[in-house]
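Here is a short note to read beside the model, written as numbered points. Please keep the structure in view and look for each place as it is named.

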Amino acid sequence: MGEYKQMFINGEWENAESGESIQITNPATGETVGTVTFGDGRDANKAIDAAHQAFASWSRLTARERAKYLYSLSELVKNNRDELAGIISAEMGKPLGEAKGEVLGAADNFVWYAEEAKRVNGETIPSSVANKRIMVLRQPVGVVGAITPWNFPVNMVARKIAPALAAGCTVVLKPAESTPLSAIRMFELIEQAGFPKGVVNLVIGNPESIGKEFIDNPKLSKIGFTGSTRVGKLLMEGAAKQVKRVSMELGGHAPFIVFPDADLDAAVKGLFESKFRNSGQMCICTNRLYVHEDVADAFTEKLVERLKRAKVGDGRQKETEIGPLVNERALNKVLEHIEDAKDKGGQVVYGGNRLVEGDYAKGFYCEPTLIAGVTTDMKISFEETFGPVVPLVRFTEEADVVQMANDTRYGLAAYVYTRDNQRCFRMAELLEYGIVGINDGSPTQTQAPFGGFKESGIGREGGRYGMDEYLETKFVSFGL
């Protein structure tokens with residue numbers, strides 16, 4: 001993995017116009033795992049030209065022909081699962097088991113959208129005028145600029161490009177600059193799958209410069225972005241100048257509510273899955289834990305027991321459950337949130353420190369942490385922490401906890417544990433979130449819609465909803 005890597009434009013592997021490169025380091029060990037060409041808006045411009053040229057022929061292929069390429073890519077991704085998982089773990093620290101699951105999820109996206117390509121149905125509508133007929137067509141939006149984050153560096157690529165390609169769009173992808181190696185390997189497989197030149201392009205480089213090209217270039221019709229709410233707003237603002245289509249999957253601040261009738265063992269398992277997978281670096285991971293006062297002590301005891309057993313370490317070691325944070329900045333933010341909570345009266349029930357002994361000294365590790373006595377003035381209660389820290393708040397009344405859970409500008413995911421059927425339905429309807437896990441700590445599936453309310457985003461990924469984001473609706477009126 002140490003060799004020099006290029007970007008992929010119009011079917012060719014190329015160096016950046018700038019001649020610059022960046023080194024990718026493993027956050028578990030600090031070692032360099034690759035060197036990658038590092039471009040800017042000039043490379044994006046070339047890639048958009050290539051995608052624009054390829055659009056005419058790609059969009060006119062039959063859905064079955066496009067599907068063949070996606071099926072082929074899915075098989076290649078599956079067959080290279082272990083290698084891709086190793087690259088993910090090396091460049092961003094994720095435990096190998098999780099990384100393998102991510103790769104299979106990516107392969108599943110390609111299969112799903114290969115199938116969904118064949119179901120882009122239009123319709124005819126009865127006319128109210130005798131000598132007219134109404135036909136509705138669905139057609140691809142055009143060239144798509146896709147921007148993906150570092151926390152799921154393979155699956156996010158698949159979730160963006162699979163529906164776009166299935167719909168008949170062509171794509172320019174910009175992966176996160178800290179995790180380009182897995183995207184590069186994916187594009188080697190795209191090349192192997194035989195996609196026509198210019199249909200899928202990979203540009204690696206400066207996010208501001210490439211983002212500006214995506215916004216300003218009139219040949220690019222749509223921007224699909226996963227990342228922070230702050231950057232999403234900037235892209236939306238820029239895209240408005242050309243009324244460019246956008247879909248945005250942005251930040252979250254998920255509440256996790258445990259009612260007194262919950263199965264506490266299942267709730268602890270669900271919380272661990274939701275909070276500590278990927279070291280808490282997920283937009284849908286729990287950020288606030290609300291536990292009913294009747295079961296708060298028992299729940300805390302069970303959770304601490306689980307955290308004591310959790311193995312923190314290099315993601316490439318088999319027994320590791322929690323890997324490092326992605327970089328020093330991410331670690332410092334997590335530690336700052338812990339200190340801020342302590343300063344304002346929060347009690348660290350478990351963890352709370354950076355791990356620095358032995359091999360830990362080389363990486364960016366934080367203990368899994370539980371903080372009690374959390375109040376609304378603490379950063380941890382309103383900012384997205386993106387790390388392995390759980391702030392616990394006790395509650396008494398259902399109405400109060402719903403109000404607290406909804407009191408945020410985010411609305412991506414929420415979690416509820418209860419065995420009361422009526423309450424299940426009440427919670428599903430009352431929580432202002434795009435995704436609600438009822439007795440489920442990881443509510444994501446390829447065929448289901450993924451996205452948020454409020455400032456957590458616009459549009460949906462997943463299932464047929466994901467296709468809608470890449471299709472325009474055309475009304476044709478025939479006079480007879």
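1. The axes of α3 (residues 81-92) and α6 (residues 180-192) come within 8 Å and cross at roughly 160°, where axes are lines fitted to C-alpha atoms, for helices over the stretch in contact, and angles run from 0 to 180 degrees between N-to-C directions. Helices (H or I, at least four residues) and strands (E, at least two) are DSSP runs, numbered from the N terminus. The crossing of α3 with α6 is right-handed, a term used if the near helix is turned clockwise from the far one by less than a right angle, with left-handed for anticlockwise.

2. A word on the source: this is a predicted model, in which local features need pLDDT of at least 70 and side-chain atom pairs count only at pLDDT 80 or more, while totals for chains, interfaces and linings use all residues. Residues are numbered from 1 along each chain as its sequence is written, and side-chain values use heavy atoms, with hydrogens and water left out.

3. How much space lies in the largest pocket? The answer is about 1500 Å³, where a volume is the space filled by probe spheres set on grid points joined across faces, edges and corners. On a 1 Å grid over the protein atoms alone, a pocket is an open set of points with protein on both sides within 12 Å along at least five of seven lines, a cavity is a set where a 1.4 Å probe fits but cannot get out, and lining residues have an atom within 4 Å of a point.

4. The largest pocket has 42 lining residues, and Phe-225, Gly-227, Ser-228, Arg-230 and Val-231 lie nearest its centre. Two or more lining residues come from each of α7 (207-216), β11 (220-226), α8 (229-239) and α11 (328-343). Both domain 1 (4-250 + 456-479) and domain 2 (254-438) give at least three residues to this lining, with domain bounds taken from an automatic or database domain assignment.

5. The second largest pocket, with a volume of about 600 Å³, is lined by 28 residues, of which Asn-155, Arg-159, Arg-277, Thr-444 and Gln-445 lie nearest its centre. Helices α4 (96-116) and α5 (155-167) are the elements that give two or more residues to this lining, and α4 supplies the largest share, five residues. Because domain 1 and domain 2 both give residues to the lining, the second largest pocket lies between them.

6. The largest cavity has a volume of about 60 Å³, and its lining includes Lys-160, Phe-225, Met-248 and Arg-460. The largest share of that lining, three residues, comes from β12.

7. The second largest cavity has a volume of about 30 Å³, and among the residues that line it are Tyr-113, Arg-159, Glu-469 and Tyr-470.
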